[in-house]
Amino acid sequence: MSELAAAPPREIRQPFRPRARLLQLLGDELIGSPRLAVFELVKNAYDADATEVTVRLDLASQDDPSITVTDDGEGMTLERLCAVWLVPGDDHRRKQRENSQRSPRHHRLPLGEKGLGRFAVHKLGNRISLTTRAHDSDECVVDINWSELIHKPYLDEAPVRIRVRPAEVFTEGKTGTRIQVRELRPPPWSRGEVRRLCNQITSICSPFKEPAEFRATLDVPGHEIWIEDLPDFEAILDRAIWKFEFWLEDGKFDWTYEFRRIPGFNIEGRPVSKDGDKLKLPSSSRSDRVNGRVVADAATTRGIGPVLGEFHVYDRDRAVLQRLGDTRLLTSYLDEYGGIRVYRDGIRVYNYGEQGDDWLGLDLRRVNIPTRRISRNIILGAVHLSLQSSGELVEKTNREGFVENDACGRLQQIVLGALGALEVERQFDKERIRKLTSRPSDPTAVRVERPIRELRRELDRRGVSETFEPYVKKIEQDYMNMQETLLAAGMSGLNLAVVFHEVERGVRVLHRTIVDGRDMEGAASQAQQLVGVLDGFSTLLRRDQRKRHRVQELAARAREFNLLRLRYHKVHLACPLLGGDGDFDATFALGLVLGALNNLIDNALYWLRVRWPELSPDGETSERRLYIGASEDFAEGPAIVVADNGPGLEGDVAEHLVRPFFTRKPDGMGLGLYYANLAMELSGGQLVFPQRDEIDISAEFDGAVVAMIFKRRA
Amino acid sequence: MAAAAPIIAIDDEPNDLAGLANGLSRYGVPCYKIHFTGLADVQACPEVRVIFADLNLGAGGLASGDFKSNFSSIGRILENIQPRGPYVVFLWTWHAARASELKTFLGERLEGIAKPFDIRSVEKADHLDGTEIRSEQRLVEKIASLTEELGEAGGYDDNYRVVRAALAPLFRDLEGEGNPAARDRLSGGASPEEIMLRLRGLFSAGDGPYEEVPPGYPTEATTLDEWLNVELADTVRTPKQMLESGDEEDLFFLERFVNAVATSRVASHPYVVRDIVRSRIEAMFRNGMSLALIEGPRVRLGGESEEEYDRWMNALNPMFGDITPRQFFDGSKVKVERLRVLASRLDAIDDGAFS
């Protein structure tokens, strides 16, 4: 028996007693930087229905510099101050938003939802003085000394003094809130920091599309010169060579594209626009395509609402920049502010588009195809969302974008898909510029040795050689093998220089990422992607011997390779060749030509899904049809014809289609048809894109038609 | 003979393929090599437990950029291999990050066969220096650690058990249980000529009553033990014919048995019984029989303690009838007569005696 007498059961009630330092934690831990803290205060002004908010950074007094944020919003009554402002985590804003309760003056939905943003003020300084006045009320003043407050053991032992007085600040019937912060914390507000703050404050509202009646400005008395020469955003936008705007709603994709004439270049501008297009979605690591679809539909924007976007894209090629003047201003602006921002109801969602944030992975995807892909340092873009309809996009408390949920993944896909549409059009104009500015390139003159050497030196310097060297070695070996093999085969006329140049540029992009040193994980992915580009050519390099083969065998192998995909996507394959119908023999390297045929099938599988996104209601059948058959319709020789009932070749001519890195697929590398063309040429044949009436084929295959023509037997 | 292979490796790069397979073989794990050209179907290997596969198997490669055609190739290869039991795919690749995508792809699209219970990656970048393996030790350690990861992820379930069983020699060696002499006699990565020499050496190295071969055994070998003889009796060709055929599959088959014989002769013999039991348990599992039928030898595939091991070695159990596993041994060597008993018991199990 225990010596302790059994205590009678009892029950006590004890509320949580937060330490006073909890408020400090909220400010310090949740908000990443003093600049973001200012942003939080400006957002509060927006929610207070203000028209104007002024941030005054008074650094003139060396002893006691201060930051003052003043708005002309609705202000707070004493009751509101006590019931809301002094209650961490108060949810009245969130409720207003959920109930679609708009502000009386500007009809805004509140941006705040967690009731924590104001505690960021602690990040700025030690002493806070809040003055606020609501309509028909006295002025209230709250003074907070954070050091004193957080040294109290518990929050309930740290009362805040509120003074209520006749109006002194907001006189003559004015309303609003003023927060003055003194005893500022580091960092010291240097010229650079102030310029960045200025840009941050002015970018709070969309410079692309300002919300009605809301302006934020920064004053730095005594240091006006620090910010007066900041580049004018409008002027920067005017210097973009490409402009792209889009609107996506319920799967309907409207867009306009404009290539602007470059001064001094004899190239006409080119506007293109399309209403009711299909937005092609790239795959995403965060969110797979909705229902495996490759084009957007109403489900894609569920919880996101309609998406409006605009991209201003620049060209940093020296030949183009020279003609635009003041190159340094433009390039340094793009280096610092390039990227794609997100705005909801016209107010910026941080930290999308900030330096160091690559939420769309633009830089990574560029390494594959540097010429075609748009990187962050050549774009100023904005995506506009409606607060009311984007309920599934929830901002993280630390202001580092949206919570990474399915809707966030879909938003990424949408923006990348729209960017892909821009890139498709842009490649035509890039090609026109290239023809004017570059000299004809000899593939033997393209050398990767130097970029590789520089890359290795940098890797050594940073002590990461061991991680990267296998990739560098593989890239180097594959590149050299490819150059040697293809040049030896007399393939110099097939845009080889473009491919070699692209790999060389890819190595340089990787080099820059390593030099930058901020994202070594991204650099490793870039190295892997570059290996991937060269991998695509691996079969070219070890092609088997050319000998006579039955094309029936070729078709059977290709079907085998693609069977899982044909089956899964419910594609009806009509392949008379498999039964020997029209079979012929020809001399070719089987592995090489099989690769070509596989690429044609791969293309067809994608485009069939673009035109026919839906399966039958039971998911068992589809309208997707693919034909692989023999043809004697060509004078040059017997052919294998691959046809489908997809959307067709969209008017693209053969010259474009077989050019390396040309593609209309958002994830495509643009090497499939280039490879197929190369493989046919290496086999003595050719790849052609006949009109449907040139060949004898059933009318049901009304999409793309591609023919692999083999050399006729002598 | 590929049908019997528990471990296969597929690659379109012959050097990468040889580097991996040789590394495994030198650690006692024979690996059936498939140099994939895309020009013929891969044949069925229903007994396979571990498949090493390159992701980019050529034929158009990555030109499409989204890897789907590569995934499709691998999927079709698996359908042709027709694995009958649980198996794992280890990608042997430059694109390790694609493993989870491949798993999703195969999960949705494979038909008519079991899906790999997991897919993990062995990065070529970590192990290849040009066309050479940098360190075989490091490579097999990676494979062993991936296997252990599978165990952790699946709660050391039966999937893990069969994979670990297939890779058992590798673990033995890594755990310092293997005998270096055994490894020296393995024929991994050897040329046909070397395999022939080693086989001849093995067949002629008789050492006592345990390795009597029945008269009439049609090879030049005179000392191959009976157990091996029984196994080979199922084959159409004699070892000598296999040896001289130069056929890759025949040589692979022989190589496996060379390894088995080398291990059984030189390494410590308790493992022979354990391996036999293990392979039989695996067969039972594959055939849908309950493992609960075997009461005694709850073999934990090398993971048991000395005490546990001794306990079941000295205990009677339905599988071995009236002798304990210990009684199969004479010192460190296996008694052939006892192996016959074991074989008959195992046959009885196959015939459903315990079901």
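## A tour of chains A and B

Start by selecting R293(A), which sits in the loop between strand 10 (270–277) and strand 11 (307–313) of chain A. Keep in mind along the way that you are looking at a predicted model. Is this arginine buried or exposed? R293(A) has a relative accessibility of 16%, so it counts as buried, the cut-off being under 20%. The side chains of R293(A) and D297(A) are joined by a polar contact of 2.4 Å, and another polar contact, of 3.0 Å, links the side chain of R293(A) to that of E614(A).

**Zoom out to chain A**

Chain A contains 21 helices and 21 strands. Along the principal axes, its C-alpha atoms fill a box of roughly 105 × 75 × 65 Å. Of its 714 residues, 55% count as buried.

**Helix 12 of chain A**

Next, select residues 406–437 of chain A, which make up helix 12. Begin at its start, with N405(A): a side-chain oxygen of this residue comes to within 3.3 Å of the backbone nitrogen of A407(A). Then follow the helix along to R426(A), where a kink of about 30° is centred. What distance separates the end C-alpha atoms of helix 12? They are 44 Å apart, which agrees with the 46 Å that its 32 residues should span at 1.5 Å a residue.

**Helices 18 and 19 of chain A**

Move on to residues 551–568 and 590–611 of chain A, helix 18 and helix 19. Their axes come within 9 Å and cross at roughly 40°. The two helices are therefore oblique to each other, since that class takes in angles that are not roughly parallel (under 35 degrees), roughly perpendicular (65 to 115) or roughly antiparallel (over 145). As for handedness, the crossing of helix 18 and helix 19 of chain A is right-handed.

While helix 18 is on screen, pick K570(A), in the loop between helix 18 and strand 16 (572–574) of chain A. K570(A) is partly exposed, with a relative accessible area of 25%.

You can find D250(A) in the loop between strand 8 (242–249) and strand 9 (252–259) of chain A. Its relative accessible area is 56%, so D250(A) is exposed.

Now select Y350(A) and N351(A) together. The peptide bond from Y350(A) to N351(A) is cis, with omega near 0°. N351(A) belongs to the loop between strand 13 (347–349) and helix 11 (362–366) of chain A. These stops are worth a look because most residues other than glycine have a negative phi, and most peptide bonds are trans.

**Last stop: chain B**

Finally, switch to chain B and select helix 5 (residues 136–154) and helix 6 (residues 158–166). The axes of these two helices come within 8 Å and cross at roughly 160°. That makes helix 5 of chain B roughly antiparallel to helix 6 of chain B. Look at the pair along the line of crossing, and note that the crossing is left-handed.

Methods:
Residues are numbered from 1 along each chain as its sequence is written. Chains are lettered from A and ligands numbered from 1 in the order in which they are written. This is a predicted model: local features need pLDDT of at least 70, side-chain atom pairs count only at pLDDT 80 or more; totals for chains, interfaces and linings use all residues. Side-chain values use heavy atoms; hydrogens and water are left out. Helices (H or I, at least four residues) and strands (E, at least two) are DSSP runs, numbered from the N terminus. The expected span of a helix is 1.5 Å times one less than its number of residues. The bend at a residue is the angle between axes fitted to the seven residues ending there and the seven starting there. A polar contact is a pair of N or O atoms within 3.5 Å; within protein, one must be able to donate a hydrogen and the other to accept it, and residues adjacent in sequence count only if both atoms are side-chain atoms. Axes are lines fitted to C-alpha atoms, for helices over the stretch in contact, and angles run from 0 to 180 degrees between N-to-C directions. A crossing is left-handed if the near helix is turned anticlockwise from the far one by less than a right angle, and right-handed if clockwise. Buried means under 20% relative accessible area, exposed over 50%, partly exposed in between (1.4 Å probe, protein chains only).
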